[in-house]
Amino acid sequence: NGSGKSNVCDAVRFALGENSLKALRVHNTTQLIHTNGKKARVTLTLQLNDTERVISREIDANGKVRYFLDNKRVKRSTLKDFLRQHNVDDSGRHVIGQGEIERFLALNAKERRQ
């Protein structure tokens, strides 16, 4: 406990385009930046077949967000389209966040089916 596993999950969600502040466990976007930092950036390198692709997302202290695909700045929709082509989306279904397992286990059978 306390090793930062949830922070790594949050970083992956952020890079994939997660926009829910609740899912990222913050109240505002500037809380994603380390104290006294000017910006935060998460970069993921994906191995897709025989090709390596790099996606990044950064946020500055003013809350301005930028997305990158292979180190070129792109619109969020472009990044989402790219990820969707590879069956990845920003819904959070690919990353299990802190507390989600306990919440799932507490559901009754009817709630699980929904």
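This is a predicted model: local features need pLDDT of at least 70, side-chain atom pairs count only at pLDDT 80 or more; totals for chains, interfaces and linings use all residues.
**D10 first.** Setting aside neighbours within four places in sequence, I found D10 in contact with A23, L24 and R25. D10 belongs to helix α1, which covers residues 5-15. Buried or exposed? I got a relative accessible area of 11% for D10, and the cut-off for buried is under 20%, so D10 counts as buried.

**Then N19.** I moved on to N19, which sits in the loop between α1 and β1. Its relative accessible area is 44%, so I noted N19 as partly exposed. Which residues does N19 contact, leaving aside those within four places in sequence? I listed R57, Y67 and R76. With R57 there is also a polar contact between the side chains, at 3.0 Å. I checked N19 against T29 too: they are ten residues apart in sequence, and their C-alpha atoms are 9.3 Å apart in space.

**The sheet.** Next I traced the strands. I found an open sheet of four, ordered β1-β2-β3-β4, and the pairing is antiparallel. At the edges I have β1 (39-48) and β4 (72-74), each pairing on one side only. Ignoring direction, neighbouring strands are turned by 25° against each other on average.

I then zoomed in on β2 (residues 51-60) and β3 (residues 65-69): five bridges join this antiparallel pair. Opposite E58 I found R66 in β3.

**Last, a helix.** What lies across β1, β2, β3 and β4? I found helix α2, residues 76-85, running at about 40° to β3.

Note on methods. Residues are numbered from 1 along each chain as its sequence is written. Side-chain values use heavy atoms; hydrogens and water are left out. Two strands pair if DSSP finds at least two bridges between them. Helices (H or I, at least four residues) and strands (E, at least two) are DSSP runs, numbered from the N terminus. Axes are lines fitted to C-alpha atoms, for helices over the stretch in contact, and angles run from 0 to 180 degrees between N-to-C directions. Contact means heavy atoms within 4.5 Å. Buried means under 20% relative accessible area, exposed over 50%, partly exposed in between (1.4 Å probe, protein chains only). A polar contact is a pair of N or O atoms within 3.5 Å; within protein, one must be able to donate a hydrogen and the other to accept it, and residues adjacent in sequence count only if both atoms are side-chain atoms.
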